[in-house]
Amino acid sequence: MKTREEIISNLNAHSGESPSKWREKAEWRTANKSWLRYSQGIAMMMLDKMEELGLTQKSLAERMGCSQQYVSRVLKGTENLSIETISKIEAALELEILEPKFTASNIKNRAAQNREARGKVGAINNI
């Protein structure tokens, strides 16, 4: 059986020069949990569609007009995507990521529902 000193010596021999950043990464993931969930979902949709179409990261990058490295970061599910990027993804992969939720008619319907709800609250307050 190894002595305590031998174990510590062995651990020190295998440790890296720079300290681990696992804590900082874990704190970052916790702080950004809400949008990371969406980014990861989009990445999964992209991977499924890329497989269906037989596309590589490089060919998707060409369709989107960006670098293969950026597509790689997006596919990791940790990229905070802009609406412009999401729109490029939708066009390049013929996907609907935002469309079902944000069509013009849906936005008009929601606005009308909000106006109607405010009217009901106003009527209740006048009673």
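Does Glu84 count as buried or exposed, and at what relative accessibility? At 55% relative accessibility, Glu84 counts as exposed, where exposed means over 50% relative accessible area, buried under 20% and partly exposed in between, with a 1.4 Å probe and protein chains only.

This is a predicted model, in which local features need pLDDT of at least 70 and side-chain atom pairs count only at pLDDT 80 or more, while totals for chains, interfaces and linings use all residues. Residues are numbered from 1 along each chain as its sequence is written, and side-chain values use heavy atoms, with hydrogens and water left out.

**View 1. The chain as a whole, with 7 helices and 0 strands.** Helices (H or I, at least four residues) and strands (E, at least two) are DSSP runs, numbered from the N terminus. Of the 127 residues of the chain, 22% count as buried, and the chain exposes about 10,100 Å², of which carbon and sulfur atoms supply 53%, the areas coming from the Shrake-Rupley method with a 1.4 Å probe and, for residues, only the protein chains shown counting as cover.

**View 2. Glu84 and Lys88 in helix H6 (residues 83-93).** The side chains of these two residues, Lys88 and Glu84, meet in a salt bridge at 3.7 Å, N to O, a salt bridge being a side-chain nitrogen of Lys or Arg within 4 Å of a carboxyl oxygen of Asp or Glu. Lys88 and Glu84 are 4 residues apart, and are therefore separated by about one helical turn. Lys88 is partly exposed, with a relative accessible area of 35%.

**View 3. Lys49 and Glu52 in helix H3.** Lys49 lies in helix H3, which spans residues 33-53, and counts as buried at 15% relative accessibility, whereas Glu52 counts as exposed at 59%. A salt bridge joins the side chains of Glu52 and Lys49 (3.4 Å, N to O). Leaving aside its neighbours within four places in sequence, Lys49 is in contact (heavy atoms within 4.5 Å) with Leu93, Glu94 and Leu95.

**View 4. The aromatic pair of the structure, which holds 1 such pair.** The rings of Trp28 and Trp35 have centres 5.9 Å apart and planes at 85 degrees, so the pair is edge-to-face. Rings of Phe, Tyr and Trp (its six-membered ring) pair if their centres lie within 6.5 Å, and planes under 30 degrees apart count as stacked, over 60 as edge-to-face and the rest as tilted. Trp28 is partly exposed, with a relative accessible area of 37%.
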